[in-house]
Amino acid sequence: MEHAPRTSSIPSRASASFDEIDAALIHALQINGRATIHELSSVLGISRDSTSARLQRLLNEEGVRVVAAIDPHFAGHHVLTNSTVQVDGPVEPVANRIADIPNAVFVSMTSGPLPLVFESRQHDEDELHRVLDQVRAIPGVRSVNVSRYTEIMTGFFVSSRREPTAIDALDTELIELLQRDGRLSFRTLADSIHLSPTAVRARINKLVDSGAVRISAITSGQLGRSRRAIGLGINARGDSTEIREYLLSASDVNFAARAYGRFDFIATIEGPDTAQLLAVVEGLRALESVSAVDTWAHFNIVKENYERAITHKREP
């Protein structure tokens, strides 16, 4: 499977019931997507039944997904890019065409003069040029502006550690299952690949502990009345250390990368209201090393899927 089904990022039911406990639950799942109901209820300070009910609502109604992602560098994807697209006419047909490109792992319709953003992963620069040629050939595309990530500072698919490890055919099967549902039980996984639950647990722990795989909650698909996602393109002047430290310390930043090209840093902030997100932006603008901050609101996440990496696994 090369990309996720295209569905609107806005839940079918209004998220009026989303509260601080839901936010805390998502945060716990971002730290450990396979945390047990008992572990989650202990963190939240509520009953196991309440925790289970909230988790099911987030997964079934609010667009939250818990999935596995393979580290892009482990998979041999050394060229990671963020591109903004200027479009003549309706944006959605162009977004859908880009979503059909296997290298595109994230496609979003956004606000502003460049109403389409996509991220892609490539093995090398030749592959990047082929992807960009595909995008430019789509009817309606006027121009593409590219920034290349040089460091993923924080993001759900990036582990805090990376150790040499090898994955075999059974590991590959496990990862493919966990990419669809990161909370599948050890018994279900064991039955699927014909191993014992103990052996499956050991394999998953090896993959996670090495940094090859991370299992975490994706929340950017869960956009609505109570959750908003804003993209940031930051240009620096002088020493950019304080920008990096700010992005790493701000709790509302769920993705941040150093880059070159159009921007020096690219980030995504997410929160329950515009006032909270504006405070993050204003904090950035107050830094002496920031020369400019561009912002764009994510209106519709057309695609967010990182499964392609498993088809290009790399032995260390």
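Predicted model: local features only at pLDDT ≥ 70, side-chain atom pairs only at ≥ 80, totals over all residues.
Q: Good to know. Which residues in helix 6 meet helix 7?
A: On the helix 6 side they are Leu170, Glu173, Leu174, Leu177 and Leu178. Their partners in helix 7 are Leu189, Ser192 and Ile193.

Q: How do the residues of that contact divide into nonpolar, polar and charged?
A: Six of the residues where helix 6 meets helix 7 are nonpolar, one is polar and one is charged.

Q: And at what angle do helix 6 and helix 7 pack?
A: The angle is about 130°, and the axes are 10 Å apart. Helix 6 covers residues 169-180, while helix 7 covers residues 186-193. The two helices are therefore oblique to each other.

Q: Is the crossing of helix 6 and helix 7 right-handed or left-handed?
A: Helix 6 passes helix 7 in a right-handed crossing.

Q: Switching to electrostatics: how many salt bridges does a search of the whole structure find?
A: The search finds twelve salt bridges. One of them pairs Arg244 with Glu151, and their closest N and O atoms are 2.5 Å apart.

Q: What about accessibility, starting with Arg244?
A: Arg244 is partly exposed, at 28% relative accessible area. Glu151 also has a value, 27%, and counts as partly exposed.

Q: Back to helix 6. Which side chain meets Asp168 in a salt bridge?
A: That is Arg203, with an N to O distance of 2.9 Å. Asp168 sits in the loop between strand 5 and helix 6, and Arg203 in helix 8 (residues 197-210), so the bridge links parts that are 35 residues apart in sequence. Asp168 is partly exposed, with a relative accessible area of 34%.

Q: What does Arg203 do with Asp171?
A: Arg203 forms a salt bridge with Asp171, where the closest N and O atoms are 2.9 Å apart. Asp171 lies in helix 6 and Arg203 in helix 8, so this pair ties together parts 32 residues apart in sequence.

Q: Buried or exposed, how does Asp171 count?
A: Asp171 counts as buried, at 0% relative accessibility.

Q: Which residues do the shared partners join into one network?
A: Salt bridges with shared partners join Asp168, Asp171, Arg203 and Lys206.

Q: Last one: where does Ser41 lie, and what does it touch?
A: Ser41 lies in helix 2 (residues 37-44). Leaving aside residues up to four places away in sequence, Ser41 touches Ile46, Ser47, Arg48 and Thr51. Its relative accessible area is 7%, so Ser41 is buried.

Terms used: Residues numbered from 1 in each chain as written. Heavy atoms only, no water. Axes fitted to C-alpha atoms, helices over the stretch in contact; angles between N-to-C directions. Helix = DSSP H or I, 4+ residues; strand = E, 2+ residues; numbered from the N terminus. Parallel < 35°, antiparallel > 145°, perpendicular 65-115°, else oblique. Left-handed = near helix turned anticlockwise from the far one by under 90°. Contact = heavy atoms within 4.5 Å. Nonpolar A, V, L, I, M, F, W, Y, C, P; charged D, E, K, R; others polar. Buried < 20%, exposed > 50% of the residue type's maximum accessible area, 1.4 Å probe, protein only. Salt bridge = Lys/Arg side-chain N within 4 Å of Asp/Glu carboxyl O.
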